[in-house]
Amino acid sequence: MTIVATIPLESINRADVSPLPPRGSSLGRLNAICPYYTMFPLDFPGRILADAHDNDWVLDPFCGRGTTLFAARLRGLGSVGIDINPVAAALASAKLASATADDVTSLCEQILGSGPEAEQPQGDFWELAYHPNTLADLAKLRRALMRMADDSTTVLLRAIVLGILHGPLRKGAPTYLSNQMPRTYASKPDSAVRFWHSRGMKPPEVDTLDAVRRRARFTLAEIPTQAPGCVRAADAAAEIPSLDRRFQWIITSPPYYGMRTYSPDQWLRSWFLGSDPLATYRVPGHLQHRGLERFAEGLADVWRAAAARCVEGARLVVRFGALPSVGNDPMKLLMRSLELANAGWTVYSIVTAGEPSEWSRQATQFSTPGGYVEEIDCYARLDA
Ligand SMILES: C[S@@+](CC[C@H](N)C(=O)[O-])C[C@H]1O[C@@H](n2cnc3c(N)ncnc32)[C@H](O)[C@@H]1O
């Protein structure tokens, strides 16, 4: 494995060629439909795709909430996303969907107004997390959305509810359906109950339909022109061989070494999608963190499968990092994975993502007293 050249970050990520809407523009709101713990900033894939040609296709094999797919859509390009976590896949699917706020609200109204009550989860957590009326609405929406075919309106209603399922209490009309909670990840049930008890916090009474309507109007005020694509909830290495097209771009960010909580942190959103109302602390197929070599081999399988679906000259761009607590070098680990893949990827640049000065950097989400995770951006090309 050779690094052909190392060039500074500024010469690759040029803001002046980004096809992205200006920050704050309503066109970018769909991308923020729901947070996801380790999303990367839209500018990252956006600036890279400024160099794409009109009929190029983009693959993100670890797509998370679908930031790469949204950047591809803004650029008018087709894209495919894969993620093992159903929450990520549900959010990423919304990045490719198109429906009006009225369509989404009507669907919500129709579901809430029809059929018998749905079975609700029981226990302290649920009693303190949601007002009884809100929990009844959520259970109904959950049951209906689990049974419905995935058209654009359904996909967007599902993602909107995931986005307002939990978050901080606000003054005025509530944005979120839950008692006080972070919006990025769901608290563990026992610690959430202790927190609410100790502060005497009661769940707010929220008009679910009104909360969905307000959120849909905001998020879908302006959406980008539709672009082709799909999302699969699957293991990337196993799924890529079944894709029936060739790609010019792979832009992705695999799980950071040492980061194991993508699924447990999303346990409440997983429940809404149909899983048991319990925190899931191990997702079968999630890239394992049982030693560096095993991890590198898992990544190598993805790079090899992806190379077989790419055209010659395709670009692979990887943002990768490691938590400070595991103390390893993300560059060495990524290079090892490309070496093990032995699939024709030639690295032409590796740059550090620098100091965590920008609010939007993924690393800032791992902030610990021990410092920030180290992140690198690796650029490679597929040679014959
Ligand atoms: C760093 S996050 C990607 C975040 C994404 N760039 C975004 O902006 O939202 C890594 C993702 O890899 C997914 N993942 C882990 N193991 C996987 C596997 N074997 N196949 C596909 N996805 C996997 C995790 O569920 C997680 O969503």
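Here's a quick look at the sheet and some salt bridges in this predicted model.

The model is predicted, so local features need pLDDT of at least 70 and side-chain atom pairs count only at pLDDT 80 or more, while totals for chains, interfaces and linings use all residues. Residues are numbered from 1 along each chain as its sequence is written, and side-chain values use heavy atoms, leaving out hydrogens and water.

**The sheet**

Seven strands make an open, mixed sheet in the order 3-2-1-4-5-7-6. Strands here are DSSP E runs of at least two residues, helices are H or I runs of at least four, and both are numbered from the N terminus; two strands pair if DSSP finds at least two bridges between them. Strand 3 (229-233) and strand 6 (345-352) sit at the edges with a single partner strand each, so one side of each has no neighbour in the sheet. Strand 5 (residues 310-322) pairs antiparallel with strand 7 (residues 374-382) over eight bridges, and L316 stands opposite A380 in strand 7.

**Salt bridges**

There are 11 salt bridges in the structure, each a side-chain nitrogen of Lys or Arg within 4 Å of a carboxyl oxygen of Asp or Glu. Three of them are tabulated here:

| Pair | N to O distance |
|---|---|
| D54 and R75 | 3.4 Å |
| E293 and R336 | 2.6 Å |
| R336 and E339 | 2.9 Å |

D54 is exposed at 57% relative accessibility, whereas R75 is buried at 19%; buried means under 20% relative accessible area, exposed over 50% and partly exposed in between (1.4 Å probe, protein chains only). E293 in helix 13 and R336 in helix 14 (residues 330-341) are 43 residues apart. R336 and E339 are three residues apart in helix 14, so about one helical turn separates them.
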